[in-house]
Amino acid sequence: MKSLIDILDLTVEELDELIATAQDIIANPQKYAEACRGLKLASLFFEPSTRTRMSFEAAMYELGGNVISVTGAGTSSAAKGESVADTAKTVSCYTDIIAIRHPKEGAAYVTAKNATIPVINAGDGGHCHPTQTLADLLTIWREKGRFTNLTIGVCGDLKFGRTVHSLINAMSRYEGNKFVLISPEELKVPSYVKKDVLQQKHIPYVQTTDLMAVMPELDILYMTRVQRERFFNEEDYLRLKDSYILTVDKLKTAKPDLAILHPLPRVNEISVAVDDDPRACYFKQVLNGKYMRMALILKLLKEAGKLN
Ligand code: CP
């Protein structure tokens, strides 16, 4: 049973296919309006979410399917000590595909191992968030028209930001890209991402604490929130949370066709005034996420033999 746990579960060809399907959905929504009639998505969110949960649910409804959900660990039998494995076996009895968000790294993998239906990782702790990367990729494709020869700045919490790790993995598979890793010393990209992805694939990258010094060279600026929920100590969070605040003034030296992305939620790292700049793409990214999740649901249900 094919599931999506990590963005690298998808080949480059499969990513291209998902982008093509998403673009077709955007152009011809009516063609897909009954595609999942009679099928159900289980939306299992054991950690807070606005975009991922709602876009999965909207995606399934727009495909003509239905949704049943768990929102918050306290409302399911997880609160009584039920294991992730038993939850997966149970939910497989009622639905056709699972989207799961869980605070523990590896929980989506355990779900996929025990479910008899496809499983989509909607974020597992600080590990992976592959469908956010699908949203990011469609946004990059629609804004830049290519996945190659881009200078990609990622800024903020690069240690705990699971979306950053997935994006680096995904964009490292294309030719000519360069990464500029902008973070406080304490929130640098983990060494396993540098060693196993960037260095192993000979991808050029620089690490800096100075966003303004690198701003003029960026084609993409991917801002991230400092992940309060993953800090052991509130004092460190308070010290680091406002390390980078993107303002209209700071964009004066940026390229005119810079694409500013952010997985959202935003806390304080992009000034609201930046939203009016045509280079701000983060709300387009939110919408693109729904289209890519529609494309993914279709693909996994087809592979599971539930759709023609
Ligand atoms: N980007 C993202 O995962 O947002 P939510 O936490 O609101 O789902």
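Visitor: What counts as a polar contact here?
Guide: A polar contact is a pair of N or O atoms within 3.5 Å; within protein, one must be able to donate a hydrogen and the other to accept it, and residues adjacent in sequence count only if both atoms are side-chain atoms. The model is predicted, with local features needing pLDDT of at least 70 and side-chain atom pairs pLDDT 80 or more, while totals for chains, interfaces and linings use all residues. Residues are numbered from 1 along each chain as its sequence is written, and side-chain values use heavy atoms, without hydrogens and water.

Visitor: Which ligand atom lies 2.9 Å from a backbone N or O atom of Leu 264?
Guide: A nitrogen atom of the ligand does. A ligand nitrogen atom is also 2.8 Å from a polar backbone atom of Pro 263.

Visitor: What about His 129?
Guide: An N or O atom in the His 129 side chain lies 2.8 Å from an oxygen atom of the ligand.

Visitor: How much of the ligand is buried by the protein?
Guide: The protein buries 92% of the 260 Å² that the ligand exposes when taken alone (Shrake-Rupley method, 1.4 Å probe).

Visitor: Turning to domains, what are the bounds?
Guide: Domain 1 covers 7-129 + 288-303 and domain 2 covers 130-285, with bounds from an automatic or database domain assignment.

Visitor: How many residues are in contact between them?
Guide: In contact are 32 residues of domain 1 and 27 residues of domain 2, where contact means heavy atoms within 4.5 Å. The centres of the two domains, taken over C-alpha atoms, are 25 Å apart.
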